[in-house]
Amino acid sequence: MDLEVIKVVLQTLSSFAIAGGLLFTAVQFWYWRRAAHVANFSKLVELQMSLRKMRVDDPSLAAVYKDDVRNLSTDQEIREYFFNLMQLSVFEIVWFMHKNHQLPDDYFQSWVDRMRVIEQEESFRKMIENPSMKILHDDFQKYISDVMKTLPRKA
């Protein structure tokens, strides 16, 4: 084998190594970007939960936005409403993580099973059925709405 052939083979191997490195970097960047997307979504929902917690702790704050207290007349009703919204927010994060393939199916299913029990609770149903605004991902809101249609009411 002469020197020219060896040079071409080494250059080819070097080129493939560089191309492979670039491809690996692109894939890692794609995964990082998806993880950042989920992290940003989760942070926004957490901030929203903080505002809801303030209303659980001090129900008078719920009256700042009149729509937030639609059909709610007592402090207890306000607390239950926002507490259930907080529970729903946690599940929304779980749902979004699963939707973005960052949560295994079996773990998501365990959440679905538990939420089916919670969703039958009268206070949860009352929160869902209240026409006041709930800031949720549109697809998640449809998902919850569809689930609620399939669940029987607790006796």
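Me: In which loop is the place of His 101?
Reply: This is a predicted model. His 101 sits between two helices. The loop is the one between α2 and α3.

Me: What is the phi of His 101, and is the residue buried or exposed?
Reply: Most residues other than glycine have a negative phi. His 101 is not a glycine, yet its phi is positive, about 60°. Its relative accessible area is 62%, over the 50% cut-off, so His 101 is exposed.

Me: Where is Asn 71 found, and what is its phi near?
Reply: Asn 71 also counts as exposed, at 57% relative accessibility. It is found in the loop between α1 and α2.

Me: How many aromatic pairs does a search of the whole structure find, and which kind do Tyr 81 and Phe 82 form?
Reply: The search finds 11 aromatic pairs. Tyr 81 and Phe 82 have their ring centres 5.0 Å apart, with 85° between the planes. An angle over 60° puts a pair in one class, so this one is edge-to-face.

Me: Are Tyr 81 and Phe 82 buried or exposed?
Reply: Tyr 81 has a relative accessible area of 3%. Phe 82 is at 2%. Both values fall under the 20% cut-off, so Tyr 81 and Phe 82 are buried.

Me: Why is the pair of Trp 95 and Phe 140 tilted?
Reply: The ring centres of Trp 95 and Phe 140 are 5.3 Å apart. Stacked needs planes under 30° apart and edge-to-face needs over 60°. The planes of Trp 95 and Phe 140 are at 50°, so the pair is tilted.

Me: Which helices does the pair of Trp 95 and Phe 140 link?
Reply: Both residues are buried. They come from distant parts of the chain, 45 residues apart. Ring pairs also join them into a cluster with Phe 41, Phe 91, Phe 96, Phe 108, Trp 111 and Tyr 143. Trp 95 lies in α2 (residues 75–99) and Phe 140 in α5 (residues 138–150), so the helices are α2 and α5.

Me: What span should α5 have, and how far apart are its end C-alpha atoms?
Reply: α5 has 13 residues. At 1.5 Å a residue, it should span 18 Å. The distance between its end C-alpha atoms agrees with that, at 19 Å.

Me: Which arc do the buried residues of α5 cover around the axis?
Reply: The buried residues of α5 are Phe 140, Ile 144, Val 147 and Met 148. They are on the same side of α5, because they cover an arc of only 100°.

Me: Which exposed residues are on the face of α5 turned away from its buried side?
Reply: The cover over the buried residues of α5 includes α2, α3 and α4. The face turned away from the buried side carries Asp 138, Lys 142, Lys 149 and Thr 150.

Me: Which element gives the most to the lining of the largest pocket?
Reply: The largest pocket has a volume of about 230 Å³. Its lining includes Arg 52, Arg 55, Tyr 81 and Phe 82. α1 and α2 are the elements that give two or more residues to it. The most, 4 residues, come from α1.

Me: Which elements each supply at least two residues of the lining of the largest cavity?
Reply: The search finds 2 cavities of 30 Å³ or more. The largest has a volume of about 60 Å³. Its lining includes Glu 77, Tyr 81, Lys 126 and Met 127. At least two lining residues each come from α2 and α4.

Conventions. Residues are numbered from 1 along each chain as its sequence is written. This is a predicted model: local features need pLDDT of at least 70, side-chain atom pairs count only at pLDDT 80 or more; totals for chains, interfaces and linings use all residues. Side-chain values use heavy atoms; hydrogens and water are left out. Rings of Phe, Tyr and Trp (its six-membered ring) pair if their centres lie within 6.5 Å; planes under 30 degrees apart count as stacked, over 60 as edge-to-face and the rest as tilted. Buried means under 20% relative accessible area, exposed over 50%, partly exposed in between (1.4 Å probe, protein chains only). The expected span of a helix is 1.5 Å times one less than its number of residues. The arc is that of the directions from the helix axis to the C-beta atoms. Contact means heavy atoms within 4.5 Å. On a 1 Å grid over the protein atoms alone, a cavity is a set of points where a 1.4 Å probe fits but cannot get out, and a pocket is an open set with protein on both sides within 12 Å along at least five of seven lines; lining residues have an atom within 4 Å of a point. Grid points are joined across faces, edges and corners, and a volume is the space filled by probe spheres set on the points.
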